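Here are a few notes to read alongside the model. Have a look at it first, then go through the points in order.

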Amino acid sequence: MAAAKTEIAGVSLACYVFNASGVNDSTFEELEAIANSASPAIMMKSCTPEPRKGNDKPRYSMLPYGSIQCMGLPNLGCKEYIRFASKLKKYKKPIIASIAGFCPGDYKIMCEAFQKSDADLIEVNLSCPNIEGKSQIAYDTSLAEDILAEIWKIGKKPIGLKLPPYYDYANQEDMAELIKRFNVSFITCINSIGNALAINPETETTMLKPKKGFGGLCGDYIKPIALGNIRNFYELLDKEKNKVSIIGVGGIKSGSDAFEFLLAGADAVQVGTAFEREGPSCFKRINKELECILGKKGYKGVQEAKGGLKYL
Ligand code: SIN
């Protein structure tokens, strides 16, 4: 069977499919469950400089083809995840920190702290849609630029950006320019689709309490948008030179889904909603399914298939 080994920004992963930030990765026990699963990396919950309770409940609801959530960044605070990273080192899997601030200074403080930590990669979350009164940072190119200017030279650990979905090529071009200018090592796209609304017709109410029911849409609903973003960024980011690694996320629940992301140009993928539904066994299953597909199609590994989407 073809091995699905891969690499993100020079960091090796034993296989292609790991956990997405935000699902069962907030506490040390949850992170240990990921470490003990077939996930080839340990992705941690996006943290803020201080601990946060997050938004009021209910803030998560399953939907027929995915889920909607408005968590509001509940997390134990940056210092705790630095401590977790050192305790998780014994599992010998890459550890990925995720930071989400409210101003450039927040990102600077957390980036400095994680650069000195046992985390291997730092994902800079510019796309949380769930904070009342705040826009998703990556939709404001000048604020994103201010944040990157604060953090890009802080240390040697690779820095990546977690991006929101873009619906227009011009926005992807602007973001690709920033990514190149600040030597961003990897991108993770896409975050949930913000400002979705799910309604319960029985109770005639919203499904979620915070933000008048508006939240981030996840799962099957968002897969084609995620694929579109991956493909455009793959084209825009020097695909021949392989300089910027791309992590795909959005509606992956089978090896066949993961293979579609691979064809679009993703170096690895993350699983969120399927992990929530199925638990940590999903990583073994999806990685195996992908390896079977690669083997059946005669690919020796992910590199050979990466970006190989054919046009009609
Ligand atoms: C949340 O905690 O609200 C989700 C995080 C995110 O969307 O980035």
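1. Ile 199 sits in strand β12 (residues 199-200); strands here are DSSP E runs of at least two residues and helices are H or I runs of at least four, numbered from the N terminus. Ile 199 is exposed, at 55% relative accessibility (exposed means over 50%, buried under 20%, partly exposed in between, with a 1.4 Å probe and protein chains only).

2. Before going on, note that this is a predicted model: local features need pLDDT of at least 70, side-chain atom pairs count only at pLDDT 80 or more, and totals for chains, interfaces and linings use all residues. Residues are numbered from 1 along each chain as its sequence is written, and side-chain values use heavy atoms, leaving out hydrogens and water.

3. Next, the sheet. Four strands make an open sheet in the order β5-β6-β14-β11, with antiparallel pairing (two strands pair if DSSP finds at least two bridges between them). At its edges are β5 (60-63) and β11 (193-197), each with a single partner strand, so one side of each has no neighbour in the sheet. Strands β6 (residues 66-69) and β14 (residues 214-219) are joined by 4 bridges, and Ile 68 has Leu 217 as its bridge partner in β14.

4. Now the charges. The structure has 11 salt bridges, meaning a side-chain nitrogen of Lys or Arg within 4 Å of a carboxyl oxygen of Asp or Glu. One of them pairs Glu 260 with Lys 223, with the closest N and O atoms 3.1 Å apart. This pair links helix α7 (residues 255-264) to helix α6 (residues 223-236), 37 residues apart. Lys 223 is buried at 14% relative accessible area, while Glu 260 is partly exposed at 29%.
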